[in-house]
Amino acid sequence: MSSPVWHPFTQHGLGEPIPLVTRAEGAALHTADGRRIIDAISSWWVTTHGHCHPRIMAAIAAQAAALDQIIFAGWTHEPAEAVARGLVEIMPPALEHVFFSDSGSTSVEVALKMALGYWLNRGEPRHRVLVLEHSYHGDTIGAMSIGARGVFNQAYAPLLFDVGTIPFPAGGAEQAALDALEAGCRAGAAAFIVEPLLLGAGGMLIYPPRVLAEMRRICAAHGVLFIADEVMTGWGRTGTLLACEQADVVPDILCLSKGLTGGAVPLAVTMATAPIYAAHLSTDRARMFFHSSSYTANPIACAAAAANLEIWRDEPVRERIAGLARHQQDRLAALASHPNVRNPRAIGTVTAMELSEGEGDYLSSRGPALLAFFRERDLLLRPLGNTVYVMPPYCIDDGDLDAIYTAIAAAADALPG
Ligand SMILES: *Cc1c(COP(=O)(O)O)cnc(C)c1O
């Protein structure tokens, strides 16, 4: 009998095999039919230290025995307090307030609502949001509105709100992008939201820290709130705890999820500076921040996040990331001269390249064939169109990295030259 499960981003009509995973450890997934799969994309960018990190698993088990779930409107618990204190300690000092939610998309919705609430409560309502071309911020209606439009959201287009799109600051076109941002800010935007340094789902596109710093400066000069979506880039992916660090940028609002719990269980936070919080602070109930979901700051998820913060504090995480970044970049360099490898690029622990001749297009390109090619080689790699990227957990060893790059080279060899 076929499964009643309807999978995300999956065309069931194509009948592709859906492996049954029973166990995970470090950088490996184990399937019911006895295969060991190398998780080369950190299970869609969430697993940072490695699967089933013992400290995170122990924290979840201990918390599950003590307090499972509690309303968070007007109540609190120690795991949430510990996470909030730990975040304020490790993140840029201006980000003094921590609002919990449960996914990256929700953290983005919360950021947008905070920004609009800020303007309304200041008595000068502003609604326009500026975004960067090729961005991805999640799959809820608001998050889709501020992300790239395409086949993914065509059916919902009539519901998506209008935004101002700033061209991607590709090499040579940086000034044009900055000028467009300046013009958008001058026209009176509420906020600019951006994935710092690395656009993930848009195709692993990288732009330099000096452009990010300049974007921040332009927003500040016009009083436009600067929202950093570090849902993917946060927790060391780009080589530093936050990508913003590399540009000395402190956002007004910061979105974090994915690696917040080390990738073990869902949790998200939206961090905000004092002025954002102050704009909602009043004795007037009409000015409170109107957002909640049932599982806001779930204690078990918070215990996992608290353990993640301890790991960042106690273990040589930054050294591991630097080592992985070096190894990743060496292997990418070895592939770079292959005639079917285009635009090889790297930032921190992430490498990416296009395989083949043409431009990437999610549906018409080689993505599905590549996916199958890697699956047959026991690799979890999920190309974005023709863009193959490697974003492994930080614990991956040399042997597994070799296997990944050997398979990518084989895929490049197999393409018509
Ligand atoms: C994954 C992602 C999101 C959405 O997070 P979900 O937890 O999948 O809702 C938002 N922004 C960025 C940059 C992401 O990579």
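The protein chain is divided into domain 1 (12-53 + 317-414) and domain 2 (56-314), with bounds that come from an automatic or database domain assignment. Residues are numbered from 1 along each chain as its sequence is written, and side-chain values use heavy atoms, with hydrogens and water left out. Because the model is predicted, local features need pLDDT of at least 70 and side-chain atom pairs count only at pLDDT 80 or more, while totals for chains, interfaces and linings use all residues.

**The interface between the domains**

- The C-alpha centres of domain 1 and domain 2 lie 26 Å apart, and 27 residues of domain 1 are in contact with 26 residues of domain 2, where contact means heavy atoms within 4.5 Å.
- The size of an interface is often given as the accessible area lost when the parts come together.
- Between domain 1 and domain 2 about 2,400 Å² is buried, with carbon and sulfur atoms giving 67% of that area; buried area here is the accessible area (1.4 Å probe) that two parts lose on being put together, summed over both.
- On the side of domain 1, Trp 45, His 53 and Ile 347 lose the most area to domain 2, and together they give 28% of what that side buries.
- Among the elements that give two or more residues to the side of domain 1 that touches domain 2 are helix 10 (317-335) and strand 13 (341-347); helices (H or I, at least four residues) and strands (E, at least two) are DSSP runs, numbered from the N terminus.

**Residues with a positive phi**

- Most residues other than glycine have a negative phi.
- Asn 343, which lies in strand 13, has a positive phi of about 50 degrees although it is not a glycine, and at 48% relative accessibility Asn 343 counts as partly exposed, since buried means under 20% relative accessible area, exposed over 50%, and partly exposed in between (1.4 Å probe, protein chains only).
- Asp 378, placed in the loop between helix 11 (367-376) and strand 15 (379-380), has a positive phi of about 60 degrees and is partly exposed, with a relative accessible area of 23%.

**Buried and exposed residues**

- Asn 153 sits in the loop between helix 5 (141-145) and strand 6 (164-166) and is buried, with a relative accessible area of 5%; not counting residues up to four places away in sequence, Asn 153 touches Met 144, Ala 148 and Leu 160.
- Thr 273, in strand 12 (residues 268-273), counts as buried at 8% relative accessibility, and its contacts, leaving aside neighbours within four places in sequence, include Ala 94, His 97 and Asp 252.
- Asp 248, in the loop between strand 10 (225-229) and strand 11 (253-256), is exposed, with a relative accessible area of 72%, and Asp 248 and Pro 209 are 39 residues apart in sequence and 8.5 Å apart in space, C-alpha to C-alpha.
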